[in-house]
Amino acid sequence: MTRVDFHSKVPDKILYACRLVRKARAADMKIVVHLEDAQQQQALDEALWTFSEQDFLPHVSATDTLAAQTPILLTQDASDPLPHHQVLINLSRRTPEHFARFERLFEILSTDEQDLAAGRDRYKQYQQRGYPLTHFVADTT
């Protein structure tokens with residue numbers, strides 16, 4: 001069963017996602033990042049290339065011909081075919097379709113009240129379905 005981790009009150013979702021991706025890649029995990037829209041996908045794409053001079057975080061869109069060979073996939077469309085099923089990071093306000101195929105799901109919530117409210121709704125959905133849940137509040141100090 002998918003383990004679901006909520007990380008809330010994150011001041012910068014893109015930067016936080018970069019750190020989470022780096023940590024998952026250090027553990028040799030394959031990652032899919034589910035994004036809200038094309039603008040957010042472009043922002044994460046750029047951030048992953050420039051985030052760290054010491055870390056190489058190879059990534060492509062889930063529809064790219066190299067998706068199966070690339071450890072980090074970016075998508076905004078739940079219908080995209082996804083060859084990886086280890087880690088799913090959700091930066092959108094929607095419940096990712098097919099999240100149950102993944103070993104682990106990270107729900108990243110910003111400080112925005114609408115984002116937090118949508119996250120609370122998803123938390124209840126997962127809870128009602130019996131998924132193991134944890135919640136972390138981002139340290140902003």
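## Helix α1

Buried means under 20% relative accessible area. In this predicted model, helix α1 has Lys-13, Ile-14, Tyr-16, Ala-17, Cys-18, Leu-20, Val-21 and Ala-24 buried. The helix covers residues 13–26. Its 14 residues should span 20 Å at 1.5 Å a residue. The end C-alpha atoms are 20 Å apart, which agrees.

At the start of α1, Asp-12 places a side-chain oxygen within 3.1 Å of the backbone nitrogen of Ile-14. Just after the helix, Asp-28 has a positive phi of about 60°. Asp-28 also forms a salt bridge with Arg-25, at 3.8 Å from N to O. Asp-28 is exposed, at 56% relative accessibility. Arg-25 is partly exposed, at 22%.

## Salt bridges

The model has 10 salt bridges. One pairs Glu-107 with Arg-122, with the closest N and O atoms 2.7 Å apart. Glu-107 sits in strand β6 and Arg-122 in helix α3, so the bridge ties together parts 15 residues apart in sequence. Both partners are buried: Glu-107 at 0% relative accessible area, Arg-122 at 2%.

Another joins Arg-93 to Asp-115, at 3.6 Å between the closest N and O atoms. Arg-93 lies in the loop between β5 and β6, Asp-115 in helix α3, 22 residues apart. Arg-93 is partly exposed at 36%, whereas Asp-115 is buried at 1%.

Ser-52 lies in the loop between α2 and β3. Ser-52 counts as buried, at 10% relative accessibility. Its side chain makes a polar contact of 2.7 Å with that of Asp-55.

Key:
Residues numbered from 1 in each chain as written. Predicted model: local features only at pLDDT ≥ 70, side-chain atom pairs only at ≥ 80, totals over all residues. Heavy atoms only, no water. Helix = DSSP H or I, 4+ residues; strand = E, 2+ residues; numbered from the N terminus. Buried < 20%, exposed > 50% of the residue type's maximum accessible area, 1.4 Å probe, protein only. Polar contact = N/O pair within 3.5 Å; in protein donor to acceptor, adjacent residues only side chain to side chain. Expected span 1.5 Å × (residues − 1). Salt bridge = Lys/Arg side-chain N within 4 Å of Asp/Glu carboxyl O.
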